[in-house]
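Please look it over first, and then read on.

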Amino acid sequence: MSKHIIIIGGGFTGTALAVHLARLGSAGLQVTVIEPRPQLAQGVAYSTSDPAHRINVPASRMQLAGDEDGAFDRWYRDSPGFKADRNALWSDGNVYPQRGQFGRWVNEQFLQEKKRSAVKLQHLCDRAVSLRDGVVTTASGEKYQADEVVLAISHPPPALPGSLKTLQGHERLIADPWQPDALSSVKTHDRVAIVGTGLTMSDVVASLHGQGHLGSITAFSRRGQLPRTNLSGQYENRTLDYRQPQVASARAWLRRIRQEVARAAAEDLPWQLVLDDIRRQGQAIWQTLSLNEQRRFLRHLRPWWDVHRYRIAPQVSAELNQLQGSGQLSVTAARLQAAKDDNGSIRLTLQPRGAAIEDLVVDRVIVTTGPAHGALLNSEALLRQLADDGVIQADPLALGIHVNARSQTLTAQGKTNLHLYVAGPAARARFGELMGLPQVAEHAESVARQLLGISSPSHRERCPFSLTD
Ligand SMILES: Cc1cc2nc3c(=O)[nH]c(=O)nc-3n(C[C@H](O)[C@H](O)[C@H](O)COP(=O)(O)OP(=O)(O)OC[C@H]3O[C@@H](n4cnc5c(N)ncnc54)[C@H](O)[C@@H]3O)c2cc1C
């Protein structure tokens, strides 16, 4: 079989897909990953070199394939990175490495497959700028003919919230904290306001603490909810009793999860076990919900789901607790009403929940509202061209790109593009839970199988339950 598959984007998803293709494919197959960064498997999440940015689950749960069983954990414990990081080992024996370590390991797996596999693997250090008739054109002007193309681009830069538009370009506004050295301009005693209270806020607070910042930090979001802490210790997985009839609505699932959490608590078991089980079955559950119920989930339940599902490393959680305890960090539920320059500082007008409007004057405002997934198709030239040509469209939930159940993209008219796929989180409107590593790795493997025409383990094998209306 002679075939050329081009993967556009070599973050975790694109690299994982290339590794799976190398493991499952055979001679004659050529796989090219187009990625402008000099190293693969970095992307937004794993390109950070800040020692304060840790993986938010134990290393033993970070993997490329379901059967690896702690391969990264073993590699990491043997690496100089572990020896140099005296905080990586937590008291329960789990390790939470700096995030870049994981990218390094995945890149190493790619290089090993490149040497070992009969499949020809290549990393092209370039940016794809257009795709027409199976020909990918790159920023350097090269053209590459592909039989199949996979889009593996997930996280656009954050968008500026509407109420901060008045500050666009202000030198004290840090609109994208993921830019290298974004926080280096923050002075030791600067008063800081952080818009958002999720994972990116946790990263930012940990970085500020790491660089010796001593000024006040006020983090706010509408609900003021912080990501919860990971479970410490070893527990058996818990599995819901899926034989129990279940109505496929967001409200019914909320009721059901509450019941299960109460049941677990009665057995002295933590809620995290129930949420982890739901997450493992998340894709199957999501696909039983109608589009309306999916919308309802996103509108009403997503903020709660996110803070319970996306947790933080215990080291980061301890830091946040310490800073809150000392009064340096305050986290509040408030809506931002207005923002303006105030003699070189910034004045924010906040409407706290259940309290009177108040003003907050700070030296820096940092936006941590996360990637603007709803604007993905407008975030860069290639996706814009494909959308403008009607080749792809945004999904109806504004989470990424519209795909069918085989991860093939759909044209503006809803027709299937048989040779243009999406891998990773940009496909999550179709599949539901597709952001954490295990699910992204599993999706990359499933797309690899589709591309090679190899059947996947059946849905029933992976998800042994049926839901009834
Ligand atoms: C800050 C952060 C921290 C996270 N931490 C964890 C964690 O601790 N544990 C966990 O399980 N999950 C975590 N996640 C979730 C998960 O790991 C990510 O969602 C996953 O890494 C997705 O990566 P990706 O490759 O799909 O996308 P991206 O990271 O967006 O990578 C896309 C790549 O495509 C490239 N690219 C873009 N446009 C083009 C183009 N036109 N041509 C060529 N290349 C292009 C970019 O350079 C980039 O490298 C985290 C996510 C984020 C954002």
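In this predicted model, a polar backbone atom of His155 lies 2.9 Å from an oxygen atom of the ligand.

| Residue (backbone atom) | Ligand atom | Distance |
|---|---|---|
| His155 | oxygen | 2.9 Å |
| Ile34 | nitrogen | 3.4 Å |
| Met435 | oxygen | 3.5 Å |

Taken alone, the ligand exposes 1,000 Å², of which the protein buries 92%. Around the ligand there are 29 residues, and those that come nearest are Thr13, Glu35, Tyr46, Ser154 and Glu380.

The protein itself is assigned three domains, with domain 1 covering 3-156 + 372-462, domain 2 covering 162-228 + 311-367, and domain 3 covering 250-309. The C-alpha centres of domain 1 and domain 2 are 31 Å apart, and where these two domains meet, 14 residues of domain 1 are in contact with 12 residues of domain 2. Between them, domain 1 and domain 2 bury about 1,000 Å², with 58% of this area on carbon and sulfur atoms. Of the area that domain 1 buries against domain 2, Ala52, Asn56 and Trp90 supply 42%, which is more than any other three residues.

Polar interactions also cross this interface, where 7 residue pairs are in polar contact between domain 1 and domain 2. On the side of domain 1 that touches domain 2, the residues divide by class into 8 nonpolar, 3 polar and 3 charged. The interface of domain 1 and domain 2 holds 1 salt bridge. Arg99 forms a salt bridge with Asp203, their closest N and O atoms being 2.7 Å apart.

Technical notes. Residues numbered from 1 in each chain as written. Predicted model: local features only at pLDDT ≥ 70, side-chain atom pairs only at ≥ 80, totals over all residues. Heavy atoms only, no water. Domains from an automatic or database assignment. Contact = heavy atoms within 4.5 Å. Buried area = accessible area lost by both parts, 1.4 Å probe. Salt bridge = Lys/Arg side-chain N within 4 Å of Asp/Glu carboxyl O. Polar contact = N/O pair within 3.5 Å; in protein donor to acceptor, adjacent residues only side chain to side chain. Nonpolar A, V, L, I, M, F, W, Y, C, P; charged D, E, K, R; others polar. Near = heavy atom within 4 Å. Areas by Shrake-Rupley, 256 points an atom, 1.4 Å probe, with all protein chains shown as cover.
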